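User: I am new to this structure and would like to learn how to read its features one at a time. Could you take me through them with care?

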Amino acid sequence: IQSKLPGTGTTIFTVMSKLAEEHKAINLSQGFPDYSCDPDLVQLVSTAMNEGFNQYAPMTGLPALRELIATKANNLYGSDYHPETEVTVTAGGTQAIFTALSSCIGAGDEVIIFEPAYDSYAPAIKMLGALVKPYHMAPPDYEIDWEMVKRLFSANTKMIILNSPHNPTGAVLSQKDIDALIKLTKDTDILLLSDEVYEHLIYDGKKHLSIAAYPELRERAFVIASFGKLLHATGWKIGYCLAPVQLMKEFRKIHQFNVFSVNTPMQKGIASYLEKPSVYNGLSAFFQEKRDQFRKLMSQTKFDLLPCHGSYFQCVTYNRITDQADTDFAKRLIKDLGVASIPVSAFYIRNTDHQVLRFCFAKKQETLEKAVERLITL
Ligand code: GLN
């Protein structure tokens, strides 16, 4: 058959996790916790199953869960999303991103993304016949010069994809970025897709600036979030999308014929669990401690730490160790040392010679210590 995605291979997360498994390496590559989620949450899901919540949920998500999602977003960001018409529960963040793109992007459209970019964006855009317009961000700070972004605009610019806190770099959008974005999109029809799956993982007293908080941006935006990160349960594959009525209407047209609805007992369990906001209020402190521990451990090695303001990823450079390209070096670390990471070049659409690795620190302290014990030998 004629491939819809010639030149696209297997996602780097699958490649590295598989390699880690083959070599019995400590897996700090794909982003997922190696500790259990709250047993109370598991109990609530199994109670839901025992109580008979085992048939299709409504297409848009369980009303109780949508209510809680809207309340959470509106309380945190001062927005006014309506649970009935502006919230849809999805099978994880990646599905929500794909559905949002499918609902409004078509042949000939151009979509601006900031590379290094989460690896699902570009293939999704290409599959829809649209063109990826990458803006290059560079280490150490991965900053955005919005004047340069403006140069990527054309008559065909349909959407900008934002991601803060950013995967893989841990960079976060500042008020200056938001102001520039408002100015740049004012008087245009450009849509926004804001991937905010790490919204609750932000450090050093910084505040997450959600696109939902700015009426001028909210009116043109799909905002995507993930329960996997919030609940330490990435395998449950539940997330959601927030969007104004007109955009959500189009989103649901696709959603209903793609997944139709998301599994019922987990929605029910999560809805009961989320009644206490303490669940997400303490998350930044929890992960900041992990970040700090990991940075402290890594400072004993020859890796150099890049800033990390959010997400559960720590990026490092390694020119004091080798001049090997990051993909080769990451493979060598798995095979020779038994530690898996992600080469950040995998998140660039165009070739790059930045030599940066990403480590996931959503791990038990002992896992992080064991990994660094090995990395320190370099
Ligand atoms: N978001 C996770 C990461 O960046 C992985 C998601 C996936 O494997 N598709 O590591």
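User: Which residues are around the ligand?

Analyst: Please keep in mind that this is a predicted model. The residues around the ligand are Phe13, Gln30, Gly31, Thr94 and Asn167, and when this shell is sorted by class it has 1 nonpolar, 4 polar and no charged residues.

User: How is the chain divided into domains, and how many residues does each domain give to the contact?

Analyst: The domain assignment gives domain 1 as 12-37 + 281-375 and domain 2 as 39-276, and the C-alpha centres of these two domains lie 25 Å apart. The contact takes 30 residues from domain 1 and 34 residues from domain 2. On the side of domain 1 that touches domain 2, the elements giving two or more residues are α13 (283-298), β10 (313-317) and β13 (356-360), with the largest share, 5 residues, coming from α13. By class, that side of domain 1 has 19 nonpolar, 8 polar and 3 charged residues.

User: Is Ala233 buried or exposed?

Analyst: To judge this, one counts the other C-beta atoms within 10 Å, and 20 or more make a residue buried. Ala233 counts as buried because it has 21 C-beta neighbours inside 10 Å. Ala233 is found in the loop between α9 (227-230) and β8 (239-242), and, leaving aside neighbours within four places in sequence, Ala233 is in contact with Cys37 and Gly228. From Ala233 to Ser164, the separation is 69 residues in sequence and 20 Å in space, C-alpha to C-alpha.

User: What is the phi of Asp187, and what is the phi of Asp204?

Analyst: Asp187 has a positive phi of about 60 degrees although it is not a glycine, and Asp204, also a residue other than glycine, has a positive phi near 60 degrees. Asp187 is found in the loop between α7 and β6 (191-195), and Asp187 is exposed because 7 other C-beta atoms lie within 10 Å. Asp204 lies in the loop between β6 and α8 (215-218), and Asp204 is partly exposed, since 13 other C-beta atoms are within 10 Å.

Methods: Residues are numbered from 1 along each chain as its sequence is written. This is a predicted model: local features need pLDDT of at least 70, side-chain atom pairs count only at pLDDT 80 or more; totals for chains, interfaces and linings use all residues. Domain bounds come from an automatic or database domain assignment. Two residues are in contact if their C-beta atoms, placed from the backbone, lie within 7 Å. Helices (H or I, at least four residues) and strands (E, at least two) are DSSP runs, numbered from the N terminus. Ala, Val, Leu, Ile, Met, Phe, Trp, Tyr, Cys and Pro count as nonpolar, Asp, Glu, Lys and Arg as charged, and the others, Gly among them, as polar. A residue is near a molecule or strand if its C-beta atom, placed from the backbone, lies within 6 Å of it. A residue is buried if 20 or more other C-beta atoms lie within 10 Å of its own, exposed if 12 or fewer, and partly exposed in between; C-beta atoms are placed from the backbone.
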